[in-house]
Amino acid sequence: MQVYTIDHNALPRLEDSVACIGFFDGFHKGHQALVKACKEEAKKRGLLSAIITFDPDPWVLFHPTRVIEHITPLEDKIELASHMGVDAFYILKFTRDFAWLDTLQFHALLSNLHIKSLVCGFDFRYAIKNEGNTETLLKQDLFSVHVVDAILDPIEKISSTRIETALKEGRVFDAAQMLGYGYSIEGIVEHGYHRGTSLLQIPTANLKLSREFIVPFGGVYAGLSHYKGMLYPTMINIGTNPTFKNKNMSIEAHLISFHSDLYGQTLRLFFIDRIRPEQRFDGIDALKSQLHHDIDETLSLLQKQKELVENTYRLWG
């Protein structure tokens with residue numbers, strides 16, 4: 001997959017393509033529907049398939065003092081797009097000049113990017129003050145437009161906002177159902193207190209996040225670890241280890257039946273389901289007994305959610 005970072009004032013030479021457009025935070029089932037429609041149309045026309053997104057998030061530009069969290073950092077969007085089989089990934093630099101483009105200028109920009117057909121969601125907005133929408137897109141004649149309807153679950157429309165809320169409440173299974181795969185974070189394994197190895201005989205990898213991720217609410221989770229092309233069943237703990245009264249939050253992962261040294265290595269953790277909240281135990285033996293139960297529960301939940309695990313593996317290569 002070719003990746004282009006594009007300044008709207010200095011466009012590169014690009015091939016004709018069918019493109020889907022959006023911010024794609026989460027690459028959830030709704031976004032995946034856009035990509036699927038884009039690839040199908042591109043195949044039918046014999047053109048490249050492309051994704052158009054923006055960086056930074058427009059909210060960052062207009063609200064610089066506000067903390068803006070994202071489900072999927074840009075690097076992860078690129079990786080997911082590649083695994084989805086898209087031919088090209090266009091990153092439009094979102095600057096103040098870009099934000100002032102009106103609808104006609106925005107249409108001309110897409111045409112100059114050699115977009116022959118555009119796929120977008122039903123609620124896509126663009127141009128200055130969000131004055132552009134699907135109606136204005138459908139009225140222009142520089143390229144064809146295909147609008148994808150909302151993707152619904154049993155409750156309502158799948159959205160990045162709902163997924164973010166679920167993660168912050170610890171409802172990682174609900175988030176995974178909307179994403180179509182397990183939510184993940186990535187970081188470098190660093191030295192911790194070594195209690196897992198020395199006191200509990202249940203070694204854990206302590207993760208220092210490599211980028212800004214939304215960290216699920218504290219608790220114990222059944223998940224997976226991705227390391228050197230392999231997925232390992234993993235019990236994940238997020239919190240302050242109340243039995244030991246830590247002051248700082250930690251992210252610890254016990255890779256089940258894994259025995260190699262991970263210090264200094266990059267590790268990605270996927271969250272499949274929640275096991276229990278964090279709690280304080282009266283002594284090492286009680287904690288150790290509970291952790292062994294959590295390991296068994298991790299394996300049981302991963303087997304129960306086999307389809308979700310397989311989708312995670314498929315989408316993350």
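Buried means under 20% relative accessible area, exposed means over 50%, and partly exposed lies in between, with a 1.4 Å probe and protein chains only. This is a predicted model: local features need pLDDT of at least 70, side-chain atom pairs count only at pLDDT 80 or more, and totals for chains, interfaces and linings use all residues. Residues are numbered from 1 along each chain as its sequence is written, and side-chain values use heavy atoms, with hydrogens and water left out.

**Stop 1: the two domains**

Colour residues 2-148 as domain 1 and 160-316 as domain 2. These bounds come from an automatic or database domain assignment. The domain centres, taken over C-alpha atoms, are 33 Å apart. Domain 1 gives 18 residues to the contact, and domain 2 gives 18 residues. Contact here means heavy atoms within 4.5 Å.

Now show the surface between them. About 1600 Å² is buried between domain 1 and domain 2, and carbon and sulfur atoms give 54% of that area. Buried area is the accessible area (1.4 Å probe) that two parts lose on being put together, summed over both.

**Stop 2: polar links across the interface**

Select the residue pairs in polar contact between domain 1 and domain 2: there are ten, both residues at pLDDT 80 or more. A polar contact is a pair of N or O atoms within 3.5 Å; within protein, one must be able to donate a hydrogen and the other to accept it, and residues adjacent in sequence count only if both atoms are side-chain atoms.

Which elements give two or more residues to the side of domain 1 that touches domain 2? They are helix 1 (29-45) and helix 3. Helix 3 supplies the largest share, five residues. By type, this side of domain 1 divides into six nonpolar, six polar and six charged residues. Ala, Val, Leu, Ile, Met, Phe, Trp, Tyr, Cys and Pro count as nonpolar, Asp, Glu, Lys and Arg as charged, and the others, Gly among them, as polar.

Helices (H or I, at least four residues) and strands (E, at least two) are DSSP runs, numbered from the N terminus.

**Stop 3: the salt-bridge network**

The structure holds 15 salt bridges. Each is a side-chain nitrogen of Lys or Arg within 4 Å of a carboxyl oxygen of Asp or Glu. Four salt bridges run between domain 1 and domain 2.

Select Glu75, Asp76, Glu186, Arg211 and Arg268; salt bridges link them in a network. Zoom in on Arg268 and Asp76, whose side chains meet at 2.8 Å, N to O. Arg268 lies in strand 12 (residues 266-276) and Asp76 in helix 3 (residues 74-83), so this pair ties together parts 192 residues apart in sequence. Arg268 is buried at 3% relative accessible area. Asp76 is buried too, at 3%. Then pick Glu75 and Arg211: their closest N and O atoms are 3.5 Å apart.

**Stop 4**

Go to Arg162 and Glu156, with closest N and O atoms 3.8 Å apart. Arg162 is buried at 17%, while Glu156 is partly exposed at 43%.

Next, select Glu169 and Arg171, which form a salt bridge at 2.8 Å, N to O. Glu169 is partly exposed at 46%. Arg171 is partly exposed at 32%.

**Stop 5: Gln140**

Finish in the loop between helix 6 (134-139) and strand 6 (144-148), where Gln140 sits. Is Gln140 buried or exposed? Gln140 is buried, at 12% relative accessibility.

Display its side-chain polar atoms. One lies 2.9 Å from the backbone oxygen of Leu137. The backbone nitrogen of Leu142 lies 2.7 Å from a polar atom of the Gln140 side chain. Leaving aside neighbours within four places in sequence, Gln140 is in contact with His107 and Val145.
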